[in-house]
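Take a moment to turn the model around on your screen. Then let's walk through a few of its helices and its nonpolar cores together.

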Amino acid sequence: MSEQTLSKRGQKNVSAGEAFDKLVEIFTNVYDKDSNPDGMISLGVAENGLMHEELASYFNKLDINTRHLTYGDGPFGSRALRSALSNFFNEYFSPVNKVLPEQLVVAGGVTSVIDLISFATANPGDGILVGRPLYTSFPNDVSIRAEAKLVAVSSEGKDPMSEEMVEQYEKELVKQEKAGTKIKAIILASSPTQTKDTLKAYMRFCQKHHIHFISDEIYAMSIYSTPDNTASIPFTSALSIDTTSIIDANLVHILYGMSKDFSCNGLRAGVLLTQNNSPLIKSVKSVSLFSWPASVAEHYWTHLLNDRPFLDYYFKENSKRLAEGYTILTTFLKKREIKWIGGSNAGFFIWVDFRSFLGKGIHVDEDEKVETVAVERPSQVYRTSKKAGERDDWFFQKLIKAKVFVASGNAFFAEEHGWYRVSFSIPKEVLQVGLERLGRVLEEVKREVDG
């Protein structure tokens with residue numbers, strides 16, 4: 001009855017809040033060797049804890065003054081931070097055109113930035129294309145306030161970051177617009193495996209349909225070398241593309257933040273960069289009051305960006321530790337003959353194939369397949385078959401009971417049950433305990449499945 005007192009928007013958002021409650025249960029019962037040895041070990045969150053000690057020590061040496069207790073320079077980023085960010089982009093992202101502070105809007109995290117740009121570019125009911133598997137928060141980011149639809153694009157076996165994947169976007173756009181959903185943008189979750197040719201192909205697609213090209217580049221500096229991939233492929237930013245004769249420059253936008261490359265999920269600072277669309281900048285600024293970044297977070301990020309000696313050390317050491325975590329995890333998988341999507345050299349996780357642990361007889365039943373491609377809530381997940389879904393849920397609950405959280409592909413719109421996102425960017429000793437727990441679950445499940 002109490003829900004009836006809410007607005008229609010409020011009622012629609014109730015289920016989104018309930019979904020987040022499940023994650024809060026995990027966040028509030030975190031493993032600690034001394035104080036909470038029976039707590040949950042998370043191998044399912046895209047959070048990098050490998051450099052937390054160094055960062056905490058660094059930040060504790062910085063002075064907080066009375067200026068940081070005020071509204072600062074306003075709701076869209078301090079002048080000092082926007083200047084530091086523009087210098088950072090110019091040095092590390094190889095932009096064709098110099099990045100200027102006035103081309104940036106800072107908000108309280110990349111989630112806020114996606115909300116802002118969705119609100120500014122899409123009308124209620126319009127669609128935003130994202131390739132699957134996709135980040136679990138994207139549906140809420142584009143829909144909670146902007147009321148746009150996330151349209152998940154299936155790869156159907158194609159490399160999600162290949163030029164041929166553009167064909168899938170084309171098919172989905174045509175399908176959606178025939179059904180009455182106007183597509184206004186794509187969000188490309190960038191990868192180090194993407195090339196300039198791939199980026200140009202996506203840009204040409206956006207130009208053809210006059211939709212926004214939004215490049216999410218939050219892992220640009222989280223690159224490492226491993227025994228499986230000894231060459232760290234430099235990240236290719238959309239900023240490095242000369243858009244002349246490819247796409248109207250006012251349609252190209254970059255997302256970046258403090259959470260991933262700088263290991264500071266909790267400080268909540270993200271940035272929108274658009275070099276040729278001042279109306280968009282003005283529109284986003286007009287509502288940035290609702291996503292005002294904290295002055296202390298701005299202060300910390302500004303110092304990091306301006307401290308070149310520490311930044312050089314940080315990126316080098318972070319890369320080394322990411323490679324070590326990746327190697328520990330993949331060695332664990334190799335020992336058990338478990339497959340994963342290889343070739344990665346960036347980010348905090350890998351896509352692991354646990355399908356064999358779901359048991360036999362779970363192949364896709366075409367009569368039961370449900371294509372959930374235009375969604376408003378992450379609870380509307382893609383189901384390959386009823387039995388596969390039930391077994392996947394059963395496997396996931398086994399993991400939770402063993403106090404190891406691994407992220408089910410259901411949360412990321414996986415195209416088939418049994419795929420999981422496994423993170424390795426936590427301190428080595430905690431990762432090893434988590435993998436021990438995971439190993440015990442896999443042994444138990446294998447006995448049940450084979451028995």
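Glycine 180, which sits just after helix α6, takes a positive phi of about 100 degrees. Keep in mind that this is a predicted model.

Now step back into α6 itself. This helix has 13 residues, and at 1.5 Å a residue they should span 18 Å; the end C-alpha atoms are 18 Å apart, so the expectation and the model agree. Which residues of α6 are buried? They are Val166, Gln168, Tyr169, Glu172, Leu173 and Gln176. Because these residues cover an arc of only 150 degrees around the axis, they lie on the same side of α6.

Next, look at how two other helices meet. Helix α2 and helix α9 pack at an angle of about 105 degrees, with their axes 11 Å apart. Angles of 65 to 115 degrees count as roughly perpendicular, so α2 is roughly perpendicular to α9. Here is who takes part in the contact:

| Helix | Residues in the helix | Residues making the contact |
|---|---|---|
| α2 | residues 52-60 | Leu55, Tyr58 and Phe59 |
| α9 | residues 295-306 | Tyr300, His303 and Leu304 |

Finally, the cores. The largest nonpolar core has 63 residues, and Leu43, Phe354 and Phe395 touch the most other members. Helix α10 (residues 308-335) gives this core its largest share, seven residues. Apart from this core lies another, of 61 residues, including Ala84, Leu104, Met221 and Tyr300.

What does leucine 43 touch, leaving out residues up to four places away in sequence? Among its contacts are Val404, Phe405, Val406, Arg421, Ile426 and Leu435.

Note on methods: Residues are numbered from 1 along each chain as its sequence is written. This is a predicted model: local features need pLDDT of at least 70, side-chain atom pairs count only at pLDDT 80 or more; totals for chains, interfaces and linings use all residues. Side-chain values use heavy atoms; hydrogens and water are left out. Helices (H or I, at least four residues) and strands (E, at least two) are DSSP runs, numbered from the N terminus. The expected span of a helix is 1.5 Å times one less than its number of residues. Buried means under 20% relative accessible area, exposed over 50%, partly exposed in between (1.4 Å probe, protein chains only). The arc is that of the directions from the helix axis to the C-beta atoms. A nonpolar core is a set of buried Ala, Val, Leu, Ile, Met, Phe, Trp, Tyr and Cys residues joined through side-chain atoms within 4.5 Å. Contact means heavy atoms within 4.5 Å. Axes are lines fitted to C-alpha atoms, for helices over the stretch in contact, and angles run from 0 to 180 degrees between N-to-C directions. Angles under 35 degrees count as roughly parallel, over 145 as roughly antiparallel, 65 to 115 as roughly perpendicular and the rest as oblique.
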